[in-house]
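I am opening a notebook page on a structure that is new to me.

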Amino acid sequence: MPKRPPPSKVPGAAAKEEEGQGGGDAPIVWTEEEQQEIATGGTVGGAYGAFVLALYLKTMHPTVAGGDSGELMGAACELGTAHPPGYPLFTMLSWLGTQVIPVGTPGYRLNVVTVVFAAAGAYLHYKA
């Protein structure tokens, strides 16, 4: 995808900055073409995120996998602390996910929460 030039600035903003009246960066004025590109990017990014979500849900491990996953799942289920650094945000959001998702074993629910995190990360990566 070719790089596009930066959006145009408000006319006269540079003159105000030279006079000491600007407050830093001038506001950005998006052209009609740039606004359409932003809207299309959101739609494509949403479709990409949905595709990643569906693919990960189809291929996720149904229970506890190897490695640290059992320890992290146990910490999330009881709001405990895993080995350092403990991953407190993951632990709290995973515990919330186990409370919100009504079906399956705790291992399945925590894997679903992790899949949602991964799909959200893929969407945000696309948007960046």
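I read the elements from the N terminus on, and they run α-α-α-α-α. That makes five helices and zero strands in the protein chain. I note that this is a predicted model.

Next I looked up burial. Of the 128 residues in the protein chain, 23% are buried. I also checked contacts between residues at least 6 apart in sequence: 51% of them join residues at least 24 apart.

The protein chain exposes about 9000 Å². Carbon and sulfur atoms supply 65% of that area.

Which residues make the nonpolar surface patch? I found L79, L89, M92, L93, L96, V100 and F117. The patch covers about 650 Å². Helix α4, residues 88–100, gives the largest share of the patch, with five residues.

Is T98 buried or exposed? T98 counts as buried, because its relative accessibility is 7% and the cut-off for buried is under 20%. L96, a member of the nonpolar patch, has 43% relative accessibility and so counts as partly exposed.

I stayed with T98 for its partners. Its side chain makes a polar contact of 3.3 Å with the side chain of Q99. What does T98 touch, leaving aside neighbours within four places in sequence? I wrote down R109 and L110.

Terms used
Residues numbered from 1 in each chain as written. Predicted model: local features only at pLDDT ≥ 70, side-chain atom pairs only at ≥ 80, totals over all residues. Heavy atoms only, no water. Patch = residues over 30% accessible without salt bridge, like charges linked within 9 Å, V, L, I, M, F, W, Y side chains within 5 Å. Areas by Shrake-Rupley, 256 points an atom, 1.4 Å probe, with all protein chains shown as cover. Salt bridge = Lys/Arg side-chain N within 4 Å of Asp/Glu carboxyl O. Helix = DSSP H or I, 4+ residues; strand = E, 2+ residues; numbered from the N terminus. Buried < 20%, exposed > 50% of the residue type's maximum accessible area, 1.4 Å probe, protein only. Contact = heavy atoms within 4.5 Å. Polar contact = N/O pair within 3.5 Å; in protein donor to acceptor, adjacent residues only side chain to side chain.
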